[in-house]
Amino acid sequence: MARAAALASCLEAVLGSRGNANRVFEILELLVGQEDEEEVLCAARTCSRLFGALLERGELFVGRLPAEEASLAESYSAEEKYKIWMRHRYNDCVGCLAELMGHDAFQVKELSLCTLMKFVELEAQYPLIKVEWKGTLTFPRELLKVVVDGLLPLNEDASLLISRFQEYMEYDDIRYFVIKAVTESIGQVMQKTKERPLPFYQQNVFSLISPINMPNKERDMVKFMVKQDNWEELKVSKLQAHKQAFEKMWLSFLKHKLPTGLYKKVLVILHDSILPYMNEPTLMIDFLTVAYGIGGAISLLALNGLFILIHQHNLEYPDFYKKLYSLLDPSIYHVKYRARFFHLADLFLSSSHLPAYLVAAFIKRLSRLALTAPPEALLMVIPFICNLFRRHPACKVLVHRPNGPEGMSEDPYIMEEESPSESRALESSLWEIRSLQNHYHPDVAKAAAVLNQSLSEIEDDISGLLELSAYELFDKEVKKKAADVPLEFEQIRGLFGKKNDIFAEHFTLD
């Protein structure tokens, strides 16, 4: 309480008389090297009130700030010398608050962030940038850059502080200048790493930019923290400029090597939150190609991004289906992302204009891999294969080939061939599915037997089967009620069922 009273007295003295200006040091010294959390918080609140009032009263120097020693020259009036000196103290305060954004206590970080953003708002209303010509932008970009740098530390996770900052991103002008500041920060930081990932920094950048909600139309841009007189003429009021800055930011972020887990996070939001707001979505091709090379679920998500670029943005990518085909290995029936894989594969193979040799190669490889698949995966993949036959009737020669050879000494299909066109799948037959008709699980055998009959024209809905688990299959079997079957039998007489059994005299069946 005594410290709070002393700071309140300092505040009143500094604001009451310029003769007490030196007492500002009593406030600033508490922001530096102070271990007591409450004292730091109290000093930060006092600084907020002090410099907030000085900004509103116009008592800080406006324009290019001279060095403190230079301001002592006789060319400046006493009024100007005071304003220059106080502007330097304001800059000291901003530097201290920027350092406190890395404090151990979250309360201190949060208050420092909110105080700096209050200064951003006040500087936007009472600019410290001198208007020298009509197009001069008076928004405090340098101060906002200080805030952004504080949100992106190199060696700690700042996601909690970033989530607190997100409320400011609703302002169109704040969002625009944050995007520019992030782009600049990425260039400065990542240039020094020589392509070595910085997990904390890159995760912090992603936490800051991934929730950005871009406007769809220029008329949606109505929420600005402050508007200048010539606002309509400035880039910050143009949707096209926002899109250009957004695209440049993401491209600069994604051109550097990311931690493996971050690739997946980016690819999951790519089609909804990034591509629709880019002027040239096809520029993402390099990132998607690198992501495909990582393998597993990331490769699949990368193919999804490529498919969107091909389907919606006319990207020419002839190797797409070859890359998808190469992802078919024994693990696809066992991995945890199996449902997503087959959902996307169903989407990729939905066109009826795909060549028969290509679809036949997918059918054949899926069938071959099915020989070692668990029952829950087979109950999904067999209807999946049936749907491919419905879309591509030319592939039915795999099941029934009129005038075909009576028998084959070996399967002509080449499993090891990487190119679907060279696999000779159309020359083969689906003996694998025939084998599954003798599967130990009755539901699998029944599903495989469907191919013995002509298929209906309506496709099977596999959405309910994509996430089928072994537990669900077991639970279903356990809950089955066995039907009572009437049987004719001869009632047992005696222990061993004989009519005149000597044992019956001594033993009874109770």
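1. A patch here is made of residues with over 30% relative accessible area and no salt bridge, like charges being joined within 9 Å; a salt bridge is a side-chain nitrogen of Lys or Arg within 4 Å of a carboxyl oxygen of Asp or Glu. In this predicted model, Arg141, Lys180, Lys235 and Lys248 gather on the surface in such a patch of positive charge, with the place of each charge taken as NZ of Lys or CZ of Arg.

2. The model is predicted, with local features needing pLDDT of at least 70 and side-chain atom pairs counting only at pLDDT 80 or more, whereas totals for chains, interfaces and linings use all residues. Residues are numbered from 1 along each chain as its sequence is written, and side-chain values use heavy atoms, leaving out hydrogens and water.

3. Lys235, one of the patch members, lies in the loop between helix H9 (199-209) and helix H10 (239-254), and counts as exposed (over 50% relative accessible area, with a 1.4 Å probe and protein chains only) because its relative accessibility is 60%.

4. The loop between H9 and H10 also holds Arg219, which counts as exposed at 64% relative accessibility. The C-alpha atoms of Arg219 and Lys238 are separated by 9.7 Å, the two residues being 19 residues apart along the chain.

5. The chain has 20 helices and zero strands, these being DSSP runs (H or I of at least four residues for helices, E of at least two for strands). Its radius of gyration, 36 Å, is well over the 24 Å that the globule rule gives for 510 residues, so the chain is more spread out than a compact globule; the radius is taken over C-alpha atoms, and the rule is 2.2 Å times the number of residues to the power 0.38.

Terms used
Patches are made of residues with over 30% relative accessible area and no salt bridge: like charges are joined within 9 Å, nonpolar side chains (Val, Leu, Ile, Met, Phe, Trp, Tyr) within 5 Å. Accessible areas come from the Shrake-Rupley method with a 1.4 Å probe; for residues, only the protein chains shown count as cover. Lys and Arg count as positive and Asp and Glu as negative; His and the chain ends are not counted. Buried means under 20% relative accessible area, exposed over 50%, partly exposed in between (1.4 Å probe, protein chains only).
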